[in-house]
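Hi,

Here is the structure I promised to pass on. Have a look at it first, and then read on for my notes.

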Amino acid sequence: ESNLQNIVLYKNLFVDNSLFTDIYMACGHRLLPGGVLQLPTNYSNIIENAKLYHENNITFNPLVTGCNNVSILRDLVYYPDRVDKFVDMLYDDAIFYNYNGYNFDFEYSDFNETDSIKFTELLKKLSIKINSAWGFNRTISTDIGSTEYPNVVLDRINKTNIMAINMDTY
């Protein structure tokens, strides 16, 4: 009963008053060492939340977390076979659960230029794959610590469905 009350309260506060158009939520998608993607272990809340948000014209974008230092990201982006598997797994999950995109919560400033290029290539590959399947716009976003030291090459994401978000954005 309390869960139902929370949903009703949440719906009344945020959906009915149109305060949100997009939800970015940690669901269990996590980058592990070795370039391995861990998928959520329980999808019941994800299904319930996605349904609620979509019924109210709010996009649902799971976070991809776990990259708390650049070495974990390097374990992925410098290995094309790992990138392909990572992209395929996120794509399959997004198609099956009807996500509107993903947000990569990888904020830190020790990226070098090659790291940024490789991560940008991964995001572009995922964006192209997801958007070609649906035939309309799905957004891939990444949180950046600063525009001075971004984790993506900003001029390479112009005119794409990739969005860079920093603290000034929200």
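How many aromatic pairs does a search of the whole structure find? The search comes up with ten. Before you get too attached to any of them, bear in mind that this is a predicted model.

**Aromatic pairs**

A pair of rings is described by two things, the distance of the centres and the angle of the planes. Take Y43 and Y97 to begin with: the ring centres are 4.2 Å apart and the planes sit at 5°, so this pair is stacked. Y43 comes from the loop between β2 (36-38) and α2 (44-55), while Y97 belongs to helix α4 (residues 80-97), so the pair ties together parts that are 54 residues apart in sequence. Both Y43 and Y97 are buried.

F104 and F119 meet in another way: with ring centres 5.9 Å apart and planes at 80°, they count as edge-to-face. This pair also links distant parts of the chain, with F104 in strand β4 (residues 101-104) and F119 in helix α5 (residues 113-134), 15 residues apart. F104 is buried, at 0% relative accessibility, and F119 is buried too, with a relative accessible area of 1%.

**Charges over rings**

R82 lies over the face of Y79, 4.1 Å from the ring centre. K129 has its charged end over the ring of Y91, at 4.9 Å from the centre of that ring. Keep K129 in mind, as I come back to it below.

**The nonpolar core**

The largest nonpolar core has 38 residues, and F86, Y102, F104 and L122 are the ones with the most contacts inside it. Helix α4 gives the most, with seven residues.

Setting aside neighbours within four places in sequence, L122 is in contact with L76, V77, V83, F86, V87 and F104.

**A buried serine**

Next, S141, which lies in strand β5 (residues 139-143). Relative accessibility is 0% here, so S141 counts as buried. What does the side chain of S141 make a polar contact with? The partner is the side chain of N103, at 2.8 Å. If residues up to four places away in sequence are not counted, S141 touches Y24, Y102, N103, F104, M163 and I165.

**Salt bridges**

Side chains of opposite charge can pair when their charged atoms come close. A search of the whole structure finds four salt bridges, and here are some of them.

- E55 and K51 form a salt bridge, with the closest N and O atoms 2.6 Å apart. These two residues are four apart in helix α2, so about one helical turn separates them. K51 is exposed, at 54% relative accessibility.
- R74 and D115 form another, with the closest N and O atoms 2.6 Å apart. This bridge links distant parts of the chain, R74 being in helix α3 and D115 in helix α5, 41 residues apart. R74 is partly exposed at 31% relative accessibility, whereas D115 is buried at 0%.
- D88 and K129 meet through their side chains at 2.5 Å, N to O. D88 sits in helix α4 and K129 in helix α5, 41 residues apart, so to speak a link between distant parts of the chain. Both ends are partly exposed, D88 with a relative accessible area of 32% and K129 with 27%. K129 is the residue whose charged end sits over the ring of Y91.

**The overall layout**

For orientation, the secondary structure comes to five helices and six strands. Along the sequence, the pattern reads α-β-β-α-β-α-α-β-α-β-β. The chain has 170 residues, and 41% of them are buried. Of the contacts in the chain with a separation of 6 or more, 72% are between residues 24 or more positions apart.

That's everything from my side. Cheers!

Definitions and conventions: Residues are numbered from 1 along each chain as its sequence is written. This is a predicted model: local features need pLDDT of at least 70, side-chain atom pairs count only at pLDDT 80 or more; totals for chains, interfaces and linings use all residues. Side-chain values use heavy atoms; hydrogens and water are left out. Rings of Phe, Tyr and Trp (its six-membered ring) pair if their centres lie within 6.5 Å; planes under 30 degrees apart count as stacked, over 60 as edge-to-face and the rest as tilted. Buried means under 20% relative accessible area, exposed over 50%, partly exposed in between (1.4 Å probe, protein chains only). A charge sits over a ring if NZ of Lys or CZ of Arg is within 6 Å of the ring centre and within 35 degrees of the ring normal. A nonpolar core is a set of buried Ala, Val, Leu, Ile, Met, Phe, Trp, Tyr and Cys residues joined through side-chain atoms within 4.5 Å. Contact means heavy atoms within 4.5 Å. A polar contact is a pair of N or O atoms within 3.5 Å; within protein, one must be able to donate a hydrogen and the other to accept it, and residues adjacent in sequence count only if both atoms are side-chain atoms.
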